[in-house]
Amino acid sequence: MSLIDEFRVTRDGLVIEPALPSDYDRVGDITVDAYLAAGHFDDPRHEYMQFVRKVADRAAKAEVYVARRDGSTIASMTLVPFGNEYADIAREGELEIRMLSVDPAVQRSGAGKAMVHAAIDRARQLDGVEVVSLTTGGTWAAARALYESMGFVRCEPRDWYVPNTEILLVVYTLELD
């Protein structure tokens, strides 16, 4: 059994644990629904929406977690270290949070914050990880306010655009103590 199999966090009424194969369709749905609700995409058939639905592929190479409330899966995230093919921005010594998504029906319920806390807890377990990094939409004011309230710092020189779009992603990092 690996550390990912043993990593479970209970926080704010949520159980955060590794996604099971039976969760993969739900993880894809939550991610697509959250991105569509945020207005980043208007077509669920967009190439990137198809990419985020490939949860089994991602889980084979990265750590995919879900948050459950009363047995229902309401959020998900993927954690990737530097050098992983799913890493977009992770540098050496960083663990990157990717595709953090909360079901739009329960957003602003604390699930996103609980997931970020779990990612920080997981990062502290990993040898050589000193920083947690993530990207968020440039216009996602609520998400940005959440990360900043948790001590993440904007790293503007690392901001980037989703390929083949005009979607600006801003980068945040948190140094672990």
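A residue counts as buried when its relative accessible area is under 20%. Keep that cut-off in mind as we walk through this predicted model.

Let's begin with a pair of tyrosines. Tyr147 has 7% relative accessibility, so this residue counts as buried. Tyr172 sits at 0% and therefore counts as buried too. A search of the whole structure turns up nine aromatic pairs, and Tyr147 and Tyr172 form one that is tilted, with 6.2 Å from centre to centre and 50° between the planes. The pair links distant parts of the chain: Tyr147 belongs to helix 6 (residues 141-149) and Tyr172 to strand 9 (residues 168-175), 25 residues apart.

Tyr35, Phe41, Tyr48, Phe51, Tyr86 and Trp140 are joined into a cluster by ring pairs. For a contact of another kind, look at Phe7: Arg122 lies over the face of its ring, 5.9 Å from the ring centre.

Now zoom out to the whole chain. Its secondary structure consists of six helices and nine strands. The C-alpha trace spans about 40 × 35 × 30 Å along its principal axes. For 177 residues, a compact globule would have a radius of gyration near 16 Å, and the chain's 15 Å agrees with that.

How much of the chain is buried? Of its 177 residues, 50% count as buried. Among contacts with a separation of 6 or more, 61% come from residues 24 or more positions apart.

How values were computed
Residues numbered from 1 in each chain as written. Predicted model: local features only at pLDDT ≥ 70, side-chain atom pairs only at ≥ 80, totals over all residues. Heavy atoms only, no water. Phe/Tyr/Trp six-rings, centres within 6.5 Å; stacked < 30°, edge-to-face > 60°. Helix = DSSP H or I, 4+ residues; strand = E, 2+ residues; numbered from the N terminus. Buried < 20%, exposed > 50% of the residue type's maximum accessible area, 1.4 Å probe, protein only. Lys NZ or Arg CZ within 6 Å of the ring centre and 35° of its normal. Rg over C-alpha atoms; globule rule 2.2 N^0.38 Å. Contact = heavy atoms within 4.5 Å.
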